[in-house]
Amino acid sequence: MVFEPPKRLVRALGETAPDGDDWLEKLPGAAQRAVALRELTVERVQVPGGRSSLVVLVRAADGAPAVLKLAPGRARPEAERAALAHWAGRGAVQLLEPFSAEGVLLLERLHPDVSVRSLPEAKALLEAAGTLRRLWVEPPAGFSFETVAERTGRQADAMRARAQAAPEVAPLVDVALAAREELLAAAPEHRLLHGTFRQSKVLAGERMPWLAVGPDPVVGECAFDLARLVRDRVEDLIAQPSGAATTRRRVKRLAESLDVDQERLRGWTLFRAVESGVRAGRVGRPRDAELLLEFASWL
């Protein structure tokens, strides 16, 4: 089988590595070797798939369904492996192969085309939040995960540079950076976080109704993890005349349901929305940038 990377993956990797690298060129051969080594039968490449990895639906030698995932080093696949091993299937997809080649993960097969996003909005938020709660545990001692301070520090540097090149975003960037500094000065807990949690990252399963996939794990406070969920379905929020009020109610409801400080959740939601909006503008997605920055202005 020819392992053709989906267009979304090619486009997303082009945004994160504009100068290019050779991972995509080597991907077909790496996928063939991973399949052969594990004696897997390939069903299909998942399309549109993820933005940082190739996802292949496979069957093991005994016929059991599974997922083979290949990711470049900059997507931190070894951190994902360590987090999934630590969660051990509690709230997240099960890792089927604790140790394997770098950048290759063999995972429990969920229902790849059925995410919690398919539910009505209120129910989707409830199920997603319940899944996220199970992931917030003490980090393992045997792996050094990136911290929220480290990750957002890199992002803050990129935001400052963008504000110099595009002065129209500077006021929101300044507010977001000030919020970050204040939040980091008094972090209330130190938990293992999913890192990129949203409704589309929660898939239907067999052993549990909903399980999280695709973490980019980070260690820090829970409000940082919950912040990305606040802006889910941002297009719908922007289209509503009451979008700003709905957003503020969502912050309050999610904070209360997960025992997270409401103001800290608001602050991290602001920072993450501005960071995403600025990044979208930088890589040539002006519509996304406009939506995200308008959303951030409501906070």
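1. A residue is called buried here when its relative accessible area is under 20%, exposed when over 50%, and partly exposed in between, with a 1.4 Å probe and protein chains only. By that rule, 52% of the 299 residues of the chain are buried.

2. This is a predicted model, in which local features need pLDDT of at least 70 and side-chain atom pairs count only at pLDDT 80 or more, while totals for chains, interfaces and linings use all residues. Residues are numbered from 1 along each chain as its sequence is written, and side-chain values use heavy atoms, with hydrogens and water left out.

3. The chain has eleven helices and nine strands; these are DSSP runs, numbered from the N terminus, with helices (H or I) of at least four residues and strands (E) of at least two. Its radius of gyration is 19 Å, close to the 19 Å given by the globule rule for 299 residues, so the chain is as compact as a globular protein of that length. The radius is taken over C-alpha atoms, and the rule is 2.2 Å times the number of residues to the power 0.38. Along the principal axes, the C-alpha atoms fill a box of roughly 55 × 40 × 40 Å.

4. Contact means heavy atoms within 4.5 Å. Among contacts between residues at least 6 apart in sequence, 71% join residues at least 24 apart.

5. Asp 216 sits in the loop between strand E8 (210-212) and strand E9 (218-220). At 18% relative accessibility, Asp 216 counts as buried. Its side chain makes a polar contact of 2.7 Å with the side chain of Arg 76. A polar contact is a pair of N or O atoms within 3.5 Å; within protein, one must be able to donate a hydrogen and the other to accept it, and residues adjacent in sequence count only if both atoms are side-chain atoms. Leaving aside residues up to four places away in sequence, Asp 216 also touches other residues, including Arg 151 and His 194.

6. Glu 39 is in the loop between helix H2 (23-38) and E1 and counts as exposed at 59% relative accessibility. Arg 233 is in the loop between helix H7 (222-230) and helix H8 (234-239) and counts as buried at 13%.

7. Val 47 and Pro 48 are joined by a cis peptide bond, with omega about 5 degrees. Pro 48 lies in the loop between strand E1 (41-45) and strand E2 (54-59).
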